[in-house]
Amino acid sequence: MEFFISPSLKSRNRADVLVLPFWKSEKHAQPAFDKKVSGKNLAEPLATHDFLGNEGDIMLLYESGQPEKRLVLLGLGVQSEITVEKLRRAYGNISKMCHKKK
């Protein structure tokens, strides 16, 4: 399994899954990435508050029209409370999920 980190969605490599991190805010999840990703399946969990960006939240979506077949929404919690350890755990959980899904 290979992982790529890209500072911009335009410069990303094609992958099996795209991980989209979110911060938790008072009203709804806030993207922690370039907001140019769109998709009908991405909007629904955010609009219905099914995904709030809480620390450890993971939601897998299947999306057509994107280079990747799967989108993963990753909750990082409150931005002011983020630590390296919290990031390590969050992305470690994504790695485990990817292994299970093959």
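Which residues are linked in a network of salt bridges? I took this up first, working on a predicted model.

Entry 1. I searched the whole structure and found four salt bridges. The network links Glu 55, Glu 85, Lys 86, Arg 88 and Arg 89.

Entry 2. I started with Glu 55. I found its side chain in a salt bridge with that of Lys 86, at 3.6 Å from N to O. Glu 55 sits in the loop between α1 (40-47) and β3 (58-62), while Lys 86 belongs to helix α2 (residues 84-101), so this pair ties together parts 31 residues apart in sequence.

Entry 3. I then checked Arg 89 against Glu 55. They form a salt bridge too, with the closest N and O atoms 4.0 Å apart. Arg 89 is in helix α2 and Glu 55 in the loop between α1 and β3, so the parts tied together here are 34 residues apart in sequence.

Entry 4. I looked next for a partner of Arg 89 within the helix. Glu 85 forms a salt bridge with Arg 89, and their closest N and O atoms are 3.3 Å apart. Both residues lie in helix α2, four residues apart, which is about one turn of the helix.

Entry 5. For Arg 89 I noted 42% relative accessibility, which counts as partly exposed. Glu 85 has a relative accessible area of 34% and is partly exposed as well.

How values were computed
Residues numbered from 1 in each chain as written. Predicted model: local features only at pLDDT ≥ 70, side-chain atom pairs only at ≥ 80, totals over all residues. Heavy atoms only, no water. Helix = DSSP H or I, 4+ residues; strand = E, 2+ residues; numbered from the N terminus. Buried < 20%, exposed > 50% of the residue type's maximum accessible area, 1.4 Å probe, protein only.
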